[in-house]
Amino acid sequence: MYEHDVIVVGGGGAGLRAAIAAHEAGADVAIVTKLHPVRSHTGAAEGGINAALREGDDWELHAYDTMKGSDYLGDAPAIETLAKDAPKDTITLEHWGMPFSREEDGTVSQRPFGGLSFPRTTYAGAETGHHLLHTLYEQVVKRGVQVYDEWFVMNLAVTDEPDPNDRTCHGVVAYDVQTGKIQGFKANKGVILATGGPGQAFDHTTNAVSCTGDGPAMAYRAGVPLEDMEFIQFHPTSLPSTGVLISEGVRGEGGILYNNEGERFMFEHGYANNAGELASRDVVSRAELTEVNEGRGVKDEYVHLDMRHLGADRILDRLENILHLAEDFEGVDGLVEPMPVKPGQHYAMGGIETDENGETCIGGLYAAGECACVSVHGGNRLGGNALPELIVFGKRAGYHAAGKDLGEAQIETGYAEGVEEEGDIDLPIEPGEAGIEPATGDAVADGSGQVADADAAVERAVEAERERVDHLMDKDDGVQHAEIRAKLQKAMTADVNVFRTEEGIKRALKVIRECREEYQDVYVDDPSRTFNTDLQQTYETRNLIDVAETIALGALVRKEFRGAHWRYEKQERDDENWLKHTMISWNGGKPSVWYRPVILEGEDKTYEPKIRSY
Amino acid sequence: MSTQQQEPEQPDTQEAPADPEMKGEESPQQKRLKRKEEDAAAREKAADASELEGETVLIKVFRYDPEVADKQEPRFDEFHVPYEKGMTVLDAVMYARDTYDSSLTFRHSCRQAVCGSDAFFINGKQRLACKTQLSDLSWPVRVEPLPHQEVVKDLVVDMEHFYEQMHAVEPYFQSEDLPGGELEEQRQSRENREKIKMSSRCIWCAACMSSCNIAAGDNQYLGPAAINKAYKFAMDDREEAELKEHRLRILEQEHGVWRCQTQFSCTEVCPKDIPLTEHIQELKREAVKKNLKFW
């Protein structure tokens, strides 16, 4: 058994930042990641980091834009924390050597992004995430933080009190991908989940194949509620063939969207008469799909994004990476022709419920980054707000887990008094259960009252995973994960996409249920313990099933149109009934849905919901 | 075990190694643009990709697993993959894995040329599988692990030595002094950022290290990737002269920059178009200029 003060699961931006902070606060910290840190998906982020750095801008404006962008579903204490910490945390990156793009006077450049009232997006070309990731990894190397790379975390070791709020996380179980060895990792102070997004629940996504929602699935099964899972951001400009992301920076620099009739549809069809292409992502995604659905799409599939008029110099200076992506993945030269783009799954606004210090309702369990929901993004994340979220809340989770006092959190976590329980959801199927576990019991937190002490919790979790792996490997025949995963992805893209109907969501839930049932018969064909990606993906597929179910359930119960969540049956925002977070808890082997009110009261002011127009 | 030797499909047709003094006549950016235009022209000229529609690509994939009896002796497996326009080598091996043999093992993640996981030896050249179009290759397509690296299984190689070399150059900002408080920026001129820009694009895929004959023969040679990483720091004006000297001292050691014989193979295979060889030459010049001893 390995032992550290703080165990960070995931080596992307949030995980690395958390590890640096925990180390600074004096903790013995280790990162356990299924990839090598520099392979993490943070590296694919392109656009930039929002931070109020300049005169004429301030954190309050950033907070206001973010609250408006969230469609009033963000919690003010989280949003204000983001806006206040972002400038300092961004400049910290600059001090660590991050090669930001620069102004004539040598200061960090900023550019306009969708939904921002000031050009406050700092950036490094169109490859900001790459530089952020590498800069953070350099600092991890500098500090000598232990990294267990290519170790796949299979489960959390959590004590099993009946009430999740009383449980404690003592560590994780992971296996060394190179050797297949399964080991316990005991965390004396805390476990921080920083596992990124669940984009692989969809088959057209900008996300890496490693983005399988492992953190949310594990936390959920251990008893932490998942929050606002229905809010999935679809990025308006992904390449049609692969889902590769074309940065919002293209529109920030002046890129224009055209339909097949050469119309600048954002204006000509009245989708956003002021902001045009720079309206927020949900608005632009719907506009594009409407164009395609009404017969004005190119090849009935996509629209054109044109940046030729910006000129080669500006494109090469600020968007060079985009030229390479369009060339390599679509065979299009962005200097001489427009690029084909369509909406693709991009970001999960929802995730593991945490407070602004990164804590969940389970003692010693933290989450940060895309896998977490603080919530700063609410119904819709503004471009350039994901990277500040990583550094701000990664840092806070690291500090807090290491024992640094950050003051009392204002956001409550866990099932609490005064929440409203959903009584009668009309479901086409019984969600959850269906013997998702082929071998042994579920997470350690099964309420059986067996385990209290830390070593025993970790050992028992290790034992359970060893049995589960033996079962999967010993089984000779059955269903393969790839088949189940493809079926799940297809159903989610067909029916839980930009436009959603009750009928469609129910259809998706039925398919998810089928996937659960088929998963009971899953087996691993590769008999080798050496670098068994078959086994790893079998685990990941199970995580995707759980996460996809919460996304679809959230989408089904929220009968309104807010942010990225559009419902055919009710095409308008319903503040009277829905200024609340959708919470889904795993109770006794199945999901239960409940709600928590949104916190619109900030430190000095209350954010009044307004019509969101751009 | 060590893998197969380099077998270039055809001799490299790159222009002759640039004389370091020639630098500045054509910037790396101009060169890349030129190459991009050439690539596009070549693609136009080549058979229209749509003619390949409906075809089946034969891919021959290297297999090895130390644990599985019939894979202990390295071999090639053949997979027939239905071709679709725009299909990459990564798409093809994924198809083979998901459809025919789930034990086929390789690293991959972002599939957009930034995570650096899927550098393989494809038709005799180190390339990223995700950004290599099948239509740009001659068929059948042969996919092997990176040469000169230990093979863990199938296309997966041991990266430990590569990471050690990357870490050996102390690749991190060392200065702890903050300029006038936490909110004041250090300032960097646009020119200086431009100078380090290409070196900062490295995705640690190890294609360059695998293609380097010197690295193959000298296990201690820092190698092109690590030296390029050090270049980024040594040339960044934000760090003091003292640190620059410290970095040059690391680089001019016996197994550092002087080992490079300007064969340009690293520059040739780099999927991010980093002018690695030029960077190494520039560091040699810097080391001489600083009057440091050399080997």
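Rings of Phe, Tyr and Trp, the last by its six-membered ring, are paired if their centres lie within 6.5 Å, and planes over 60 degrees apart make a pair edge-to-face. The structure in these exercises is a predicted model.

**Exercise 1.** State how many aromatic pairs the rule gives over all chains, and classify the pair of Phe152(A) and Tyr539(A).

*Solution.* The count over all chains comes to 25 aromatic pairs. For Phe152(A) and Tyr539(A), the ring centres are 6.0 Å apart and the planes stand at 80°, so this pair is edge-to-face. Next comes the placement: Phe152(A) belongs to strand β7 (residues 151–158) of chain A, while Tyr539(A) belongs to helix α15 (residues 533–557) of chain A, and the pair therefore ties together parts that are 387 residues apart in sequence. Both Phe152(A) and Tyr539(A) are buried. Ring pairs also link a cluster, made up of Tyr2(A), Tyr148(A), Trp151(A) and Phe185(A).

**Exercise 2.** Decide whether Glu459(A) is buried, partly exposed or exposed, and name the surface patch to which Glu459(A) contributes.

*Solution.* Because its relative accessibility is 48%, Glu459(A) counts as partly exposed. Glu459(A) sits in helix α12 (residues 454–474) of chain A, and, together with Asp453(A), Glu463(A) and Glu467(A), forms a negative surface patch.

**Exercise 3.** Locate His269(A) and give its C-alpha distance to Glu291(A).

*Solution.* His269(A) is found in the loop between α7 (265–268) and α8 (281–293) of chain A. With a relative accessible area of 31%, His269(A) is partly exposed. From C-alpha to C-alpha, His269(A) and Glu291(A) are 9.0 Å apart in space, and 22 residues apart in sequence.

Definitions and conventions: Residues are numbered from 1 along each chain as its sequence is written. Chains are lettered from A and ligands numbered from 1 in the order in which they are written. This is a predicted model: local features need pLDDT of at least 70, side-chain atom pairs count only at pLDDT 80 or more; totals for chains, interfaces and linings use all residues. Side-chain values use heavy atoms; hydrogens and water are left out. Patches are made of residues with over 30% relative accessible area and no salt bridge: like charges are joined within 9 Å, nonpolar side chains (Val, Leu, Ile, Met, Phe, Trp, Tyr) within 5 Å. Accessible areas come from the Shrake-Rupley method with a 1.4 Å probe; for residues, only the protein chains shown count as cover. A salt bridge is a side-chain nitrogen of Lys or Arg within 4 Å of a carboxyl oxygen of Asp or Glu. Lys and Arg count as positive and Asp and Glu as negative; His and the chain ends are not counted. The place of a charge is taken as NZ of Lys, CZ of Arg, CG of Asp or CD of Glu. Helices (H or I, at least four residues) and strands (E, at least two) are DSSP runs, numbered from the N terminus. Buried means under 20% relative accessible area, exposed over 50%, partly exposed in between (1.4 Å probe, protein chains only). Rings of Phe, Tyr and Trp (its six-membered ring) pair if their centres lie within 6.5 Å; planes under 30 degrees apart count as stacked, over 60 as edge-to-face and the rest as tilted.
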